[in-house]
Amino acid sequence: MLVLVCYDVCTETKAGRRRLRRVAKVCESTGQRVQKSVFECQLDVAQFEALERELLAEIDAQQDCLRLYRIPSTRGFEVLEHGSFKAVDFDGPLMH
């Protein structure tokens, strides 16, 4: 399934800036950044649950916001892109 990870980490303190870096690092190891605080990840259920646990361990639920959108692979699903970002096709050939 495609998972969108969106987060907003309070960076008013040094601890918040540290949390932001840790959350981004977890996301970077799992998917691709499509906006500053938005990642696309191709995951199975077990990987999704592991990612959710890792991210919940990093955020401060009193100050930060974490949203995980699970988008099942269904017929007709599409992503429309506008602007300069070009996604990596993980299912396509490795080299062009």
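Which residue of E3 stands opposite Leu2? Select Leu2 and then Gln42, its counterpart in E3.

The model is predicted: local features require pLDDT of at least 70 and side-chain atom pairs count only at pLDDT 80 or more, while totals for chains, interfaces and linings use all residues. Numbering starts from 1 along each chain as its sequence is written, and side-chain values use heavy atoms, with hydrogens and water left out.

**The strands**

Select residues 38-42, which form strand E3. Helices (H or I, at least four residues) and strands (E, at least two) are DSSP runs, numbered from the N terminus. Four of the five residues of E3 are buried, so this strand is largely enclosed by the rest of the structure; buried means under 20% relative accessible area (1.4 Å probe, protein chains only).

Two strands pair if DSSP finds at least two bridges between them.

Next, select residues 32-35, strand E2, whose antiparallel pairing with E3 has three bridges. Arg33 has Phe39 of E3 as its bridge partner.

**The helices**

Now select helix H1 (residues 14-28) and helix H2 (residues 45-58), whose axes come within 9 Å and cross at roughly 170°. Axes are lines fitted to C-alpha atoms, for helices over the stretch in contact, and angles run from 0 to 180 degrees between N-to-C directions. H1 and H2 are therefore roughly antiparallel to each other, the term for angles over 145 degrees. To display their contact (heavy atoms within 4.5 Å), show Arg19, Arg22, Val23, Val26 and Cys27 of H1 with Leu51, Glu54, Leu55 and Glu58 of H2.

How values were computed:
Buried means under 20% relative accessible area, exposed over 50%, partly exposed in between (1.4 Å probe, protein chains only). Angles under 35 degrees count as roughly parallel, over 145 as roughly antiparallel, 65 to 115 as roughly perpendicular and the rest as oblique.
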